[in-house]
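Here is a friendly walk through one protein model for someone meeting it for the first time. Have a look at the sequence and the structure, then read on.

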Amino acid sequence: MTESNEKILSLKHMQKSFGDHKVLRDISFDVNKGEIVTIIGPSGGGKSTTLRCINLLEEPTGGEIDFHGENILAPGYDRNKFRAKVGMVFQQFDLFENKNVLQNCMIGQELVLKRSKEEAKKIAMTNLKKVGMEPFINAKPNQLSGGQQQRVAIARAISMNPEVLLFDEPTSALDPEMVGEVLDVMQKLATTGLTMVIVTHEMGFAKQISDNVLFINDGVITEQGKPEELFDHPKNEKTQKFLSNFR
Ligand code: ADP
Ligand code: MG
């Protein structure tokens with residue numbers, strides 16, 4: 001949670017339509033180096049689509065996404081290089097089922113970053129240790145609990161040394177007793193200066209960890225601000241109504 005003024009990402013009036021359906025109507029926000037930005041809001045409001053546009057899993061249909069001041073949507077921009085710098089952790093973990101924990105954390109490093117096996121292994125082990133999954137390096141994903149799988153997914157993501165790590169409801173698929181272990185890992189990551197954009201329904205966690213909170217509803221940012229302002233003194237009626245569900 002070390003804020004700086006070095007802007008890493010800047011979304012400018014981003015839009016996304018699927019056919020006639022305007023899912024994102026006008027999304028603008030900045031992410032500075034080391035910042036934790038959380039996105040909250042009702043289901044179907046466009047939170048996942050926002051993240052999927054940032055890492056180009058979806059192609060925005062309007063607006064701009066600047067990465068270090070350069071528009072990644074511009075023709076000729078090196079998208080592969082950009083993709084390698086943005087990590088993502090999904091709700092459903094999305095580990096490779098036929099590979100063990102260690103291999104899951106090595107394969108991207110070898111294929112995308114062209115690291116040697118030895119180097120990839122060393123980095124994977126360091127990160128598996130960080131998330132407490134070192135004792136399970138030979139296990140296959142289906143032998144692990146949801147919380148353990150998600151911690152492996154986080155170790156895999158940080159092994160790619162992303163400049164920004166995106167999380168799409170990382171604890172929503174977990175049994176309640178496993179939510180804490182994943183949030184603890186994310187909390188620890190936040191203190192390392194990693195830049196994170198997190199979609200979550202864990203309001204207590206969001207309030208505690210965020211530098212900036214965005215409330216996205218119906219494809220627009222209805223309200224944004226510091227967590228203590230947005231959670232304790234929401235100004236917009238829709239934000240108030242949404243937050244009242246969590247009290
Ligand atoms: P959230 O993550 O806030 O719940 P989403 O970004 O997943 O919301 O979805 C926002 C809207 O976009 C929903 O109405 C959803 O049905 C629609 N949508 C998302 N992805 C697609 C797609 N690939 N094709 C058509 N509609 C989509
Ligand atoms: Mg979603």
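Not counting residues up to four places away in sequence, T49 touches K16, F18, V23 and L24. This is a predicted model, by the way, so everything here is computed from it. T49 lies in helix α1, and with a relative accessible area of 12% it is buried.

Just after α1 comes L56, with a positive phi of about 65 degrees.

T49 also brings us to the ligand. Which residues are around ligand 1? They are F18, H21, V23, P42, S43, G44, G45, G46, K47, S48, T49 and E58.

| Residue | Atom in the residue | Distance to an oxygen atom of ligand 1 |
|---|---|---|
| G45 | backbone N or O atom | 3.3 Å |
| G46 | backbone N or O atom | 3.0 Å |
| T49 | polar side-chain atom | 2.5 Å |

Another charge over a ring involves R156, whose charged end sits over the ring of F96, 5.2 Å from its centre.

Now for rings with rings. How many aromatic pairs does the structure hold? There are 3 aromatic pairs. Elsewhere, ring pairs link F215, F242 and F246 into a cluster.

On to the inside of the protein. In soluble globular proteins, nonpolar side chains tend to be buried together. The largest nonpolar core here has 39 residues, and the members that touch the most others are L128, I154, L165, F167, M186 and M196. Several elements give two or more residues to this core: helices α3 (101-111), α4 (117-130), α5 (146-158), α6 (176-190) and α7 (203-209), plus strands β7 (164-168) and β8 (195-199). Helix α6 provides the largest share, 8 residues. Apart from this core lies another core of 30 residues, including I39, I72, L166 and I221.

Leaving aside residues up to four places away in sequence, M186 touches I154, F167, P170, M196, I198, F205 and I209.

Helix α3 is worth a stop too. Its buried residues are V101, L102, N104, C105, M106 and Q109, and what covers them includes α4 and α5. At the N-terminal end, N100 caps α3: a side-chain oxygen of N100 lies 3.1 Å from the backbone nitrogen of L102.

Most residues other than glycine have a negative phi, and most peptide bonds are trans. D94, though, has a positive phi, near 55 degrees. D94 sits in the loop between β6 (86-89) and α3, and it counts as partly exposed because its relative accessibility is 44%. D218 also has a positive phi, of about 55 degrees, although it is not a glycine. The place of D218 is in the loop between β9 (212-217) and β10 (220-225). With a relative accessible area of 49%, D218 is partly exposed.

One last stop is E202. Where does E202 lie? E202 is in the loop between β8 and α7, and at 28% relative accessibility it counts as partly exposed. Not counting residues up to four places away in sequence, E202 touches T171, V179 and L183. As for I137, E202 is 65 residues from it in sequence and 29 Å from it in space, C-alpha to C-alpha.

Definitions and conventions:
Residues numbered from 1 in each chain as written. Chains lettered and ligands numbered in written order. Predicted model: local features only at pLDDT ≥ 70, side-chain atom pairs only at ≥ 80, totals over all residues. Heavy atoms only, no water. Core = buried A, V, L, I, M, F, W, Y, C linked by side-chain atoms within 4.5 Å. Buried < 20%, exposed > 50% of the residue type's maximum accessible area, 1.4 Å probe, protein only. Helix = DSSP H or I, 4+ residues; strand = E, 2+ residues; numbered from the N terminus. Contact = heavy atoms within 4.5 Å. Phe/Tyr/Trp six-rings, centres within 6.5 Å; stacked < 30°, edge-to-face > 60°. Lys NZ or Arg CZ within 6 Å of the ring centre and 35° of its normal. Near = heavy atom within 4 Å. Polar contact = N/O pair within 3.5 Å; in protein donor to acceptor, adjacent residues only side chain to side chain.
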